[in-house]
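This report describes the architecture, surface and selected contacts of one protein chain. The sequence and the structure are shown below.

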Amino acid sequence: MSKYIITLKPTDAYFFGQEIVRVLGNKQSYFQHSADLPQQTTLLGMLRYQILKQNKQIPLKNYSLACKLVGKKSFIVGNDSNVDFGVIKSISPLFLIEEDDENNPYFLFDKRFSKSEENLQSLFIEESSKCDVVNGFNLYNRKAYILKSDDNNIYSPKDGFWSGYMDLGNDSNKIDTGELFKSQIKVGINKNSNGAILDNAFYKMEYKMMEKHWAMAFIADVDCTEMEFLRECEDFAFMGKERSLFRMSVKKVNENKLADKIERCDKIPTNNNSDEIFRVTFLSDCFVEDEKDFYNNSLFANIETVHFRNLSYIMEEGNNYSEKPTKSRGYNLIKRGSEVFTNEIQSLNNIIKGGHISKQFYKIGYNHTLIEKMNK
């Protein structure tokens, strides 16, 4: 098994679509906002395309070889027990890196307390009476823990939570989200092929621009025992709704320091007592199969959700990617950067990663977490 780091640097403003279901109907708003980062399924599709391209299968020439390289199907939620992407065995969650520093991955931490966290567990030792919903979280009629306002100088509603990207190896290295991503607004009018203006033609799109000294990256585990199906290269890749252009670099990871940092995040700290509290930070969006069990094993959940829908494609001999891809049904995922506190870390970890569908998501970089012991 070979590990590769795939680095993606936008050449200009880019756009990654995100589905927003409005209260009034299911119509698309004229004002569309790009996400800061692509979905994991977008990364998987780009990598599959790159492997086919490097092995001269674009356009498709050898159907059996193409299936061996990247599998017959793209990601389909709950498709079968053995999700097969050919020589691609797994990909990591997307992270950010500074130029010339590939060993320090930065992930989104969207719900961090702005002040000192030395006595963080004291935030939620006060229980409310039993209730169904506290601060928007359905806690299934269990006792709920609430945030103290400012007693311990840890949390203030006025300050809210810190949102930014932080180095996994050194939490003093961090950068605010607003310093990394800027917006660029573009407006226009849709016309038909004859030049006539369409109904509801006006549109407004918020593109994203990334700070020039940063790049997106992920790790791919690729089976190269038979031959080197993925080779180091410098190339360009198109991604996103508007086919945004990215400068792509593919390099072998000879020293696994970077990969080890990411893999260690998911491991549960050892020598745990029953009264110890853990913080679970979601490094990528997360699919939860049993929402009730998830909350029943959480002391406090500081989370947002994001709507997930992807395009899937089944490769058939002779169609040469000419068929239109299928849009999946929609799912609500826990958004990356969200945090949960628990004293049932083993149970919660199994809920996040142990289910049949959760394992499929995990393979392509979803459902990854950082587990930290709080009362050390």
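Predicted model: local features only at pLDDT ≥ 70, side-chain atom pairs only at ≥ 80, totals over all residues.

Glutamate 372 belongs to strand β22 (residues 369–373) and arginine 279 to strand β15 (residues 278–282), so the bridge ties together parts of the chain that are 93 residues apart in sequence.

The two partners fall into separate accessibility classes. Buried means under 20% relative accessible area. Arginine 279 counts as buried because its relative accessibility is 4%, whereas glutamate 372, at 22%, counts as partly exposed.

## Other salt bridges

Seven salt bridges are found in a search of the whole structure. One of them joins lysine 53 to aspartate 235, where the closest N and O atoms are 2.9 Å apart. This pair links distant parts of the chain, since lysine 53 sits in helix α1 (residues 40–54) and aspartate 235 in strand β13 (residues 233–239), 182 residues apart. Lysine 53 has a relative accessible area of 38% and is therefore partly exposed.

A further salt bridge is formed by glutamate 228 and lysine 252, with a separation of 3.6 Å between the closest N and O atoms. Here too the pair links distant parts of the chain: glutamate 228 is in the loop between β12 (214–222) and β13, and lysine 252 is in strand β14 (residues 244–252), 24 residues apart. Glutamate 228 is partly exposed, at a relative accessible area of 35%, and lysine 252 is partly exposed as well, at 32%.

## Overall architecture

The chain contains seven helices and 22 strands. Of its 376 residues, 48% count as buried. Among contacts between residues at least 6 apart in sequence, 73% join residues at least 24 apart.

## Surface patches

Which residues make the nonpolar surface patch of about 490 Å²? The patch is made by Ile185, Val187, Ile189, Ile197 and Phe202. Strands β10 (181–191) and β11 (197–210) each supply at least two residues of this patch, and β10 provides the largest share, three residues. Isoleucine 185 is located in strand β10 and is partly exposed, with a relative accessible area of 43%.

A patch of negative charge is also present on the surface, where Glu289, Asp290, Glu291 and Asp293 gather. Of these residues, glutamate 291 is found in helix α5 (residues 291–296). Its relative accessible area is 42%, which means that glutamate 291 is partly exposed.

## The buried residues of helix α6

In helix α6 (residues 345–353), the residues Ile345, Leu348, Asn349, Ile351, Ile352 and Lys353 are buried. The elements that cover these buried residues include β15, α5, β21 (339–342), α7 (356–363) and β22.

Leucine 96 lies in strand β4 (residues 95–98). Is leucine 96 buried or exposed? At 0% relative accessibility, leucine 96 counts as buried. Leaving aside neighbours within four places in sequence, the contacts of leucine 96 are Leu37, Asn104, Pro105, Tyr106, Tyr165, Leu180, Phe181, Met210, Trp214, Ala215 and Met216. The C-alpha atoms of leucine 96 and tyrosine 106 are separated by 5.0 Å, the two residues being ten apart along the chain.

Asparagine 103 is placed in strand β5 (residues 101–113). This asparagine is partly exposed, with a relative accessible area of 40%. Not counting residues up to four places away in sequence, asparagine 103 touches Lys257, Leu258 and Lys261. Lysine 257 is 154 residues away from asparagine 103 along the chain, yet the C-alpha atoms of the pair are separated by 6.6 Å.

Methods
Residues numbered from 1 in each chain as written. Heavy atoms only, no water. Helix = DSSP H or I, 4+ residues; strand = E, 2+ residues; numbered from the N terminus. Buried < 20%, exposed > 50% of the residue type's maximum accessible area, 1.4 Å probe, protein only. Contact = heavy atoms within 4.5 Å. Patch = residues over 30% accessible without salt bridge, like charges linked within 9 Å, V, L, I, M, F, W, Y side chains within 5 Å. Areas by Shrake-Rupley, 256 points an atom, 1.4 Å probe, with all protein chains shown as cover. Salt bridge = Lys/Arg side-chain N within 4 Å of Asp/Glu carboxyl O. Lys, Arg positive; Asp, Glu negative; His and termini not counted. Charge placed at Lys NZ, Arg CZ, Asp CG, Glu CD.
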